[in-house]
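Student: Could you go through this one with me, starting with a helix and then moving on to the domains?

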Amino acid sequence: MKGSSKAKENLGWVFLLGLGLGLLIWDSAAAQAPIKVGASISVTGTYAKLGGYTRDGYLMCAKEINDKGGLLGRKLEFVIYDDRSETTTAIKLYEKLITEDKVELVMGPYSSPITNAASTVSEKYKKIMVASLAATTSIWERGFKYLFMTISPAEVYMEGLVELAAERGLKTIAVINEDTLFSKAAASGTIDLAKKKAMKVVMHDAYPKGTTDFSGLLIRMKALNPDVIVAGSYFDDAVATTRQMKELDVNPKMFGVTVGGDVPDFGKQLGKTAEYVYGSTQWSDDVKYPGAREFTENYKKMFNREFSYHAPAAYGACQVFAEAIRRAKSLDSDKIREQLLKLKITTAFGDYQVDERGFQTAHKMVLLQWQEGKRVTVWPASLAEAKPLYPTPPWSQRK
Amino acid sequence: MPIEITGGMLLQGVVSGLLAGGLYAMVALGMALIFGVMRVINVAHGTLLMLGAYATYWLFALYGMNPFLSLLISFPLLFVVGVILQRLFVYRVVDAPELSSLLLTFWISIFIANMAMVAWTADYRSVEFLTGSFLLGPIALSKPRLISFCFALGITYLAFLFLNKSKTGKAIRATSQHRELAQVCGINVRRIDLITFGLAAGLAGTGGSLVSVMFSVFPEMGQIYVFKSFLVIVLGGAGNYPGAFFGGLILGLVEGLASLYLSAQLSEVIAYILLVLILLVRPTGLLRGRS
């Protein structure tokens, strides 16, 4: 009897030792295992172009952090899936990332509509989502606790264009937009800004996502002959609208697009047709934020191509997130949240500060114009490289 | 915001609509041929169109070839692709229940589109060849659209000439009218199937080439044309080839006018409403087709 109880006791010790060893091994493995950061990005579909830059920004950020020794002593590793530019796919992917892949952190996808949908999943699992590329105010009016905005809201995208137009005494404006979350907000924001400057909105119409033929809209617009035309667009529709304006000989004094005009491919696809078009951007090469120039150099080194603001935006958001984690010294959502709410920093992408909703209040927009095949910053005056070429000459008088 | 529609705008709407319609007619003719001869609804028709567009894009981007000249390559190229598809897969579902052909061609469509995405990425590309327009009073005639329209008309005319005059063309029509009877009369219907699919794919590819000078080229560009072609066939009457031609023009016209009078969102719905109406009122098509 005695022997057997002794044996039991021994067995108990062995068990404890094993457990301890196991824990030790598990713990040190965990210390070395990378922090998995999940995100869905539009690699295919209508947002593919811009989604690609978003992914580049994340990867650059992770590489830089890892080169400097990682975050909380661990490497960052992005797990990125393709949401095909579809909100429903993005929702499924964030579910999968959080529940199956067990990523410890998530980052936002590309575009407002997709962030709007995907954030319902991250909020459900109490994961912080730093939304690197969602600019629609209404997303932050749903009372979500764990969602943070890093870029300027859609409503002010065309602030520069409206201001330049008002300075030049222009009176009428026509606005069209893709019928999705961000574009709608950008259009209605532009309309509010224009009304404040006593401009008359002569037309406002929305078109469904995926529209390729804008003839009907443009014929009506041509008849109204507005001084300013603003398209609340993404890339493909911005290209198509510009090209078809030329085909239908629509001649505003100023024409601006919210998204798309700042993408290098806009000029590549349209050639001379892109001249004089205004585009708005969250960031440009000539901003003077710390690390901005290095970002441009490193990007070209790493990917060997040009980029639009989406890359530094994703990069900056990831840096903001990393800084908050460093200060929180933990991956705990509530601790990071506390830091994100009071954080006030300037990354290569610009200023970051949010209000109690997580809504961005510090970041600034830039207006650019295509001049001789290049994107030139024309507003705000403090950053402007050149004066806007005004007015936009009619198509028939161009070479 | 209501806008007064002037005569000039109306004329512009009609012109824009007809220009688009010519292209629909040509692309739909291919789909109608396949349906007529084989009773196969070719959902992959749009993907073939996409391949034609890429052929033109690459010839233009790499060799600077005139996109309209590249029709001489995209048509035979897609003809061969069509023949291969028919030979390998589609012959299995000829005269089978519609569901089989839908499933098969849907699979082909997804497969090719995804291969294109892998090979060429999802980037939007454009053939920046002709831009701008001819101005005729209040009307702007878009250069790329006008020229594409002329080519589409010309090629559709040639296709009709082929169907009506040549021996093979007559055999195609005979097969489409009565498969068994045609076979009894000594027509090799298997061979006719091959030629038909090749011809249809060639027409789709040509359509792609012509679309590429107007709109962006990307792997999923063909999808809307599948629906439009289907609508055109229903409009014109299944199996009725001249019907496909007029159906195309009508669809273009309706779209052009709808986008003028209605908001852009509503005008997208018009095509669907048209489809439902035709199916309710005249299910055999405007120019009575074979039921």
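**A helix in chain A, then the domains of chain B**

Tutor: Bearing in mind that this is a predicted model, helix α3 (residues 87–100) of chain A has 14 residues, which at 1.5 Å a residue should span 20 Å, and this agrees with the 19 Å between its end C-alpha atoms.

Student: Which residues of α3(A) are buried?

Tutor: The buried residues of α3(A) are Thr89(A), Ala90(A), Leu93(A), Tyr94(A) and Leu97(A), and because they cover an arc of only 135° around the axis, they sit on the same side of α3(A).

Student: And what do the buried residues of α3(A) pack against?

Tutor: They pack against β1 (35–41), β2 (76–82), β3 (105–107) and α4 (112–124) of chain A, whereas the face turned away from the buried side of α3(A) carries the exposed residues Thr88(A), Thr99(A) and Glu100(A).

Student: Switching to chain B, how is it divided into domains?

Tutor: Chain B is divided into domain 1 (30–121 + 155–219) and domain 2 (222–291), and their contact takes 13 residues from domain 1 of chain B and 11 residues from domain 2 of chain B.

Student: Which helix gives the most to the domain 1 side of chain B that touches domain 2?

Tutor: That is α2(B), with 5 residues, and by class this side of domain 1 of chain B has 7 nonpolar, 6 polar and no charged residues.

Student: How far apart are the C-alpha centres of the two domains of chain B?

Tutor: The C-alpha centres of domain 1 and domain 2 of chain B lie 21 Å apart.

How values were computed. Residues are numbered from 1 along each chain as its sequence is written. Chains are lettered from A and ligands numbered from 1 in the order in which they are written. This is a predicted model: local features need pLDDT of at least 70, side-chain atom pairs count only at pLDDT 80 or more; totals for chains, interfaces and linings use all residues. Domain bounds come from an automatic or database domain assignment. Two residues are in contact if their C-beta atoms, placed from the backbone, lie within 7 Å. Helices (H or I, at least four residues) and strands (E, at least two) are DSSP runs, numbered from the N terminus. Ala, Val, Leu, Ile, Met, Phe, Trp, Tyr, Cys and Pro count as nonpolar, Asp, Glu, Lys and Arg as charged, and the others, Gly among them, as polar. The expected span of a helix is 1.5 Å times one less than its number of residues. A residue is buried if 20 or more other C-beta atoms lie within 10 Å of its own, exposed if 12 or fewer, and partly exposed in between; C-beta atoms are placed from the backbone. The arc is that of the directions from the helix axis to the C-beta atoms.
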